[in-house]
Amino acid sequence: MEMWDVLDENRQKTGRLHRRGQPLPAGDFHLVVHVWILDGHGNFLISKRAAGISLPLLWQCTGGSAVAGDDSLTSALKETQEEIGINLDPSKGELFHQFINSDKTAFVDVWVFRQDVDINDVVLCPEETCDAMWADEAKIRQLIDGGEFIPLHHYPYLDKLFAAHKGAF
């Protein structure tokens with residue numbers, strides 16, 4: 001049973017916890033992270049969602065909800081380890097963008113980690129992911145256009161992300 005810290009409209013912890021899967025009351029928020037891993041060639045490591053979860057078999061960046069007690073960076077590191085088995089170097093990450101999701105229930109922190117990762121080192125979590133690949137902007141846009149990527153309203157910052165991270169680091 002996953003529990004989240006309940007945040008107020010100012011991103012401050014309220015001292016209350018919320019059980020995942022239950023509706024959040026209006027005015028309550030939780031923390032979500034999106035993690036984009038960028039290699040030295042300008043490609044992003046993306047993964048495909050497992051068949052048994054919401055938005056099945058769609059490509060995505062790594063991410064998820066922060067569990068109670070975890071901050072944004074800790075959540076980014078944990079989600080990446082859990083979903084694709086990669087240990088990120090915290091010193092190679094930057095908090096790139098923050099926004100409130102479209103249903104007004106979560107503060108979303110978008111992280112970019114500049115870290116070369118061997119695709120053979122990816123260890124998929126069968127409950128969450130079923131594939132992974134390196135993809136450049138053109139490939140991600142092709143997946144979006146083909147309906148094979150999580151819908152764009154989940155990623156309102158995507159143009160900004162691509163513009164800021166063109167090419168190698």
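**Notebook: fold, extent, cysteines**

Reading along the sequence, I get the pattern β-β-β-β-β-β-α-β-β-β-α-α for the protein chain. That makes three helices and nine strands, taken as DSSP runs numbered from the N terminus (helices H or I, at least four residues; strands E, at least two).

I note that this is a predicted model, where local features need pLDDT of at least 70, side-chain atom pairs count only at pLDDT 80 or more, and totals for chains, interfaces and linings use all residues. Residues are numbered from 1 along each chain as its sequence is written, and side-chain values use heavy atoms, with hydrogens and water left out.

I looked up the extent next. I read the span of the C-alpha trace along its principal axes as about 45 × 30 × 30 Å.

I then checked burial: 46% of the 169 residues count as buried (under 20% relative accessible area; exposed is over 50%, partly exposed in between; 1.4 Å probe, protein chains only).

Last, I searched for disulfides (cysteine sulfur pairs within 2.5 Å) and found zero. Cys-125 is in none, and its nearest cysteine sulfur, that of Cys-130, is 11 Å away. Cys-130 is likewise in no disulfide. I logged Cys-125 as buried because its relative accessibility is 15%, and Cys-130 as partly exposed because its value is 38%.
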